[in-house]
Amino acid sequence: MAGTQSPRSDPAAGPAADDDRRAALARFLAEASGAAACEITGLAPLSGGSIQENWGLDANFSGGRLAGEQRLVLRAAAMTGVPSSLDRLQEFAVLQAAFAAGVTVPEPLFASADPAVFGKPFLVMRRAAGSAAGHRITREPALDPGLPRIAERLGQELARIHAIRPPRPDLGFLTPPEKTGPAPQIAGFRAYLDHQPAPRPVLEWGMRWLETHLPAPLPPVLCHHDFRTGNYLLDGPSLTGILDWEFAGWGDPHEDIGWFCSKGWRFARLDREAGGIAERARFYRGYEGQSGTIIDPARVHFWEVLASVRWAVIALQQSERHISGGERSLDLALTGRRAGECELEILMLLDPGGCPANA
Amino acid sequence: MGDLPEAPALLALARDVLVNDLLPLLPAERRLDARLVANCIAIAEREAAADLAADTIFRELEFFYKRERPSPSRFAGASLSRIAGEGPERSEGGEGAEHSEAGESAPELMYRLARELRIGAFENSPEREARARAILWRLTIARLRLANPRFLAANGFA
């Protein structure tokens with residue numbers, strides 16, 4: 001998640017290393033923008049971003065296409081790579097495609113895989129104002145009156161993303177659509193669970209249901225694959241950016257709709273089914289109006305069940321990042337216990353009558 | 001039995017000191033971490049106090065596979081984590097584990113349930129299917145009573 005949250009200090013980077021890195025980055029930015037020179041006036045990690053690391057980057061460009069003071073974000077891979085996410089150069093290409101399609105995203109500016117510049121691959125984009133914090137968005141009374149309109153707008157944004165369709169040579173690195181459908185996803189979840197220290201009977205039961213209710217494939221569209229509250233920026237009542245494109249890929253449009261509406265992403269407002277911010281109908285209206293297509297509720301239901309399985313698996317993966325030693329983090333350590341919440345949701349979605357009596 | 005106060009009471013005290021005495025003294029940007037620590041302590045508190053529900057679920061699971069009631073005390077002390085297969089006994093073929101009549105430990109039975117649900121083993125028997133589903137509900141509710149009782153309540157489960 002990027003935003004204008006206060007940069008916090010970075011105790012890991014020593015002053016000397018920091019100076020070298022700034023100098024190399026300044027040279028890169030000057031050259032890439034056609035400026036005579038570039039001075040970095042601020043570089044500090046932004047809060048948020050559980051998988052990628054985001055840096056607030058303030059720079060003063062002497063000439064070139066970005067002449068003047070600029071507030072930017074530099075996005076690099078965090079220390080533990082999570083499988084199946086795009087690298088920064090690929091994410092940059094997806095951002096460019098979305099930007100060109102009229103999606104509200106921070107304008108992507110540069111990307112580089114040269115380790116001499118920042119030590120690891122990164123991309124640079126403009127810094128949009130606002131906050132993405134899901135708990136705050138769903139709790140703050142001042143935001144409340146504007147949220148239904150935001151939900152409708154998000155529906156329109158999602159429809160613009162889904163208007164990007166293959167063939168797209170610029171997105172040729174994306175996994176072919178036939179390998180990204182629900183069946184390969186289920187196979188991936190099962191393979192992951194087979195290596196877990198504990199069995200998860202509810203997830204197995206949910207995946208069996210999914211496997212026996214696969215919807216007929218639709219023509220693939222570009223899915224964001226993490227389109228949800230927590231991944232868009234609100235500046236007061238205005239939507240300023242859709243963030244975190246690292247999981248983008250071809251898929252069924254209902255996949256993103258199910259993910260957005262799934263209970264795991266409603267934060268403080270479980271009762272508001274569209275991302276904890278509005279009724280589902282308002283979000284659907286925005287989507288249907290922009291796309292000219294009708295959302296199929298049965299398909300959304302399927303993908304919402306899959307969303308709960310996927311979130312449970314991600315929760316287990318997150319806690320594994322802590323358990324297996326990569327990252328010491330209370331937040332990650334506690335995330336694994338959220339898998340139980342997903343399991344309850346799977347039961348509620350597939351067995352609305354509740355626990356069988358007398359069984 | 002250990003010393004007094006027992007673990008749940010000791011953890012409750014630690015959480016109280018953290019939230020009420022220490023947290024107000026912390027700078028604003030570190031308060032979230034303190035709240036996460038308080039949440040960890042609360043989970044440990046509930047887990048330390050909660051072996052009974054797990055014992056019941058495992059007896060049900062055993063009955064599901066054996067079709068006969070085991071003696072009520074057979075699995076006393078089986079914690080939810082051990083039942084869910086997180087205990088160290090999983091790969092040891094059951095040494096020191098709670099065993100069913102056929103020699104399957106609590107984690108082994110849970111594995112068996114998971115494996116059989118994956119292949120739809122109960123789908124031809126409405127009675128077996130409903131009983132398996134009931135175990136899933138009880139297991140999930142027991143898990144959330146420990147991990148996140150507020151989420152359980154927010155979804156209408158007491």
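Trainee: In helix H7 of chain A, which residues are buried?

Mentor: This is a predicted model. In H7(A), the buried residues are Pro201(A), Val202(A), Leu203(A), Glu204(A), Trp205(A), Gly206(A), Met207(A) and Leu210(A). The helix spans residues 201-211 and is mostly covered, with 8 of its 11 residues buried.

Trainee: What do the buried residues of H7(A) pack against?

Mentor: Elements of both chains. From chain A they meet helix H6 (182-194), H10 and H12, and from chain B they meet H5 and H6.

Trainee: Next, H10 and H12 of chain A. How should I read a pair of helices?

Mentor: Two packed helices are described by the angle between their axes and the distance between the axes. Here H10(A) covers residues 297-323 and H12(A) covers residues 339-350; their axes come within 8 Å and cross at roughly 165 degrees. Angles over 145 degrees count as roughly antiparallel, so H10(A) is roughly antiparallel to H12(A). The crossing of H10(A) past H12(A) is left-handed.

Trainee: Which residues of H10(A) and H12(A) meet?

Mentor: On the H10(A) side they are His301(A), Glu304(A), Val305(A), Ser308(A), Val309(A), Trp311(A), Ala312(A), Ala315(A) and Leu316(A). On the H12(A) side they are Ala339(A), Cys342(A), Glu343(A), Glu345(A), Ile346(A), Leu349(A) and Leu350(A). Sorted by class, this contact has 11 nonpolar, 2 polar and 3 charged residues.

Trainee: Now the two chains. How many residues of chain B are in contact with chain A?

Mentor: Chain B brings 33 residues, in contact with 25 residues of chain A. Four helices of chain B each supply at least two residues to this side: H2 (31-48), H5 (106-118), H6 (126-147) and H7 (149-154). H6(B) gives the largest share, 12 residues. By class, the side of chain B that touches chain A divides into 19 nonpolar, 6 polar and 8 charged residues.

Trainee: Where are the domains of chain A?

Mentor: Domain 1 runs over 17-126 and domain 2 over 134-350 in chain A. Their centres, taken over C-alpha atoms, are separated by 26 Å. In chain A, 19 residues of domain 1 are in contact with 20 residues of domain 2. Helix H2 of chain A, residues 88-100, provides the largest share of the domain 1 side, 7 residues. That side of domain 1 of chain A comprises 12 nonpolar, 6 polar and 1 charged residues.

Trainee: What should I look for in the backbone angles?

Mentor: Most residues other than glycine have a negative phi, and most peptide bonds are trans. Then look for departures. The peptide bond from Pro166(A) to Pro167(A) is cis, with omega near 5 degrees. Pro167(A) sits in the loop between helix H5 (147-162) and H6 of chain A.

Trainee: What is phi of Asp244(A), and where does Asp244(A) lie?

Mentor: Phi of Asp244(A) is near 55 degrees, a positive value in a residue other than glycine. Asp244(A) belongs to the loop between strand S8 (238-242) and strand S9 (249-251) of chain A.

Trainee: Why does Asp244(A) count as buried?

Mentor: Because Asp244(A) has 26 C-beta neighbours inside 10 Å, and the cut-off for a buried residue is 20 or more.

Trainee: What is phi of Phe267(A)?

Mentor: Phe267(A), also a residue other than glycine, has a positive phi near 50 degrees. Phe267(A) is placed in the loop between helix H8 (253-261) and helix H9 (280-291) of chain A. Phe267(A) counts as buried because it has 20 C-beta neighbours inside 10 Å.

Key. Residues are numbered from 1 along each chain as its sequence is written. Chains are lettered from A and ligands numbered from 1 in the order in which they are written. This is a predicted model: local features need pLDDT of at least 70, side-chain atom pairs count only at pLDDT 80 or more; totals for chains, interfaces and linings use all residues. Axes are lines fitted to C-alpha atoms, for helices over the stretch in contact, and angles run from 0 to 180 degrees between N-to-C directions. Angles under 35 degrees count as roughly parallel, over 145 as roughly antiparallel, 65 to 115 as roughly perpendicular and the rest as oblique. A crossing is left-handed if the near helix is turned anticlockwise from the far one by less than a right angle, and right-handed if clockwise. Two residues are in contact if their C-beta atoms, placed from the backbone, lie within 7 Å. Ala, Val, Leu, Ile, Met, Phe, Trp, Tyr, Cys and Pro count as nonpolar, Asp, Glu, Lys and Arg as charged, and the others, Gly among them, as polar. Domain bounds come from an automatic or database domain assignment. A residue is buried if 20 or more other C-beta atoms lie within 10 Å of its own, exposed if 12 or fewer, and partly exposed in between; C-beta atoms are placed from the backbone.
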